[in-house]
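The sequence and structure come before the discussion.

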Amino acid sequence: MKPIAFNQDLIDSTSFCVIVPTYNNQKTLKKVLDSILDFTSNVIIVNDGATDSTSEILKQYSQLTQIHHPKNLGKGRALRNGFRKALELNFEYAITIDSDGQHFASDIPVFLEAIQNEPNTLLIGSRNMTQENVPKKSSFGNKFSNFWFKFETGIKLDDTQSGFRLYPLRLLPKRFYTNKFEFEIEVIVRAAWKGIVVKNIPIQVLYDPAERVSHFRPFQDFTRISILNTVLVTNALLYIKPRDFFRRAKKKGFKKFFLEDILESSDSNFKKSAAIALGIFIGLSPFWGFQTILLFTFAAIFRLNKVIAYLTSNVSFPPFIPFIIYGSLKMGSYFVSTDAPLVLDSSITLDDIQKNAAQYIVGSLILATVSALSVGLISYLLLTAFSSKKQTKN
């Protein structure tokens, strides 16, 4: 463990508290609290219905703010109640630290120093997950969480599951919906969506199999996390990403945004044309209701420009839909026989389309593929010509 060295003026001048959620960590709780008190007495302990000797241990710390849950409500609820109390006490920041002994209170000044340069940042302690005694399930779970966090927010982090964090209390969302371990995912994703900067800072970590007690339940908690990520991904694809796209375009000006972020983005001409082709394919495909989700999913997988793909997917703009449906049915008629071929007029109904579903699906997939390849190729040629012309001028 590093020797304790810190700037007391920095600690005294920062409006912060330390929140310690605890549940059945009698072996390590006292050591954790004593180490925190070396730095500050602004401590909020949340006893989440512990059934061991936690209550007896906490009697020794009557000078500290304590919240006692009559029964176990979950880590998320403990943190939420801790945040509420911290706001009531007018703290600006809250540092959360687990009571299982894996974190070092000597890293508290590291968080405080970081926010001097970047105030109102949400900081997550980044642990070295490759060191000795780190459980394999913890390492896998962290990588899994990091992947979905990047997908949902566009922010790359090395550690999204560490419980050692600093929160800018007054900027956090007012309401939350989760109460268990998944809360620590919800809070950072929704904070990022609000525009709060979310970053990692390196911290120390200790995994002592003899003392550390984990209350993570692999099946139940992983299921909860998976459900939460499903909700967050859906929200990101259907609302957050389109919202951010239009905000950026409006702020910069649509013309300037188009020229700088699309035509002159750092992507190669091939990747730009591939993004256009993806947008055309998704826009013409028969996956109604899932097009936006599929679009951003494939754009993320193939690392294509999401803005270009999203713009070109609007080929299925409502006024064009009847023509797309007719073109799909017409294309499908060459491959799937039908007793009732349709004609594009006001007599077309949904029942007619349902009766010719196979014709429509096959036709739309063929139309989407041919159109995507054609438009993609033309786009590539035009972008190449545009780039060559620009280089000649320069």
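Which residue just after H11 takes a positive phi? Arg-303 does, with a phi of about 55°.

## Basis of the model

The model is predicted, so that local features need pLDDT of at least 70 and side-chain atom pairs count only at pLDDT 80 or more, while totals for chains, interfaces and linings use all residues. Residues are numbered from 1 along each chain as its sequence is written, and side-chain values use heavy atoms, with hydrogens and water left out.

## Overall composition

The secondary structure comes to 15 helices and 7 strands, where helices (H or I, at least four residues) and strands (E, at least two) are DSSP runs numbered from the N terminus. Of the 394 residues in the protein, 46% are buried, a term that means under 20% relative accessible area, with exposed over 50% and partly exposed in between (1.4 Å probe, protein chains only).

The protein exposes about 20,700 Å², of which carbon and sulfur atoms supply 59%; accessible areas come from the Shrake-Rupley method with a 1.4 Å probe, and for residues only the protein chains shown count as cover. Among contacts (heavy atoms within 4.5 Å) between residues at least 6 apart in sequence, 75% join residues at least 24 apart.

## Nonpolar cores

A nonpolar core is a set of buried Ala, Val, Leu, Ile, Met, Phe, Trp, Tyr and Cys residues joined through side-chain atoms within 4.5 Å. The largest has 34 residues, and Ile-19, Phe-83, Leu-122 and Leu-172 touch the most other members. Elements giving two or more residues to this core include strand E1 (16-22), helix H4 (75-88) and helix H8 (218-252), but H7 gives the most, with 8 residues. Apart from this core lies another, of 30 residues, among them Leu-29, Ile-45, Ala-114 and Ile-203.

Arg-190 is found in helix H7 (residues 183-193) and counts as buried because its relative accessibility is 18%. Its side chain reaches the backbone oxygen of Arg-175 at 2.7 Å, and, leaving aside residues up to four places away in sequence, Arg-190 touches Pro-173, Arg-175, Phe-176 and Tyr-177.

In helix H11 (residues 291-301), Gln-291, Leu-295, Phe-296 and Ala-299 are buried. These residues lie on the same side of H11 because they cover an arc of only 120° around the axis, the arc being that of the directions from the helix axis to the C-beta atoms.

Note on methods:
Polar contact = N/O pair within 3.5 Å; in protein donor to acceptor, adjacent residues only side chain to side chain.
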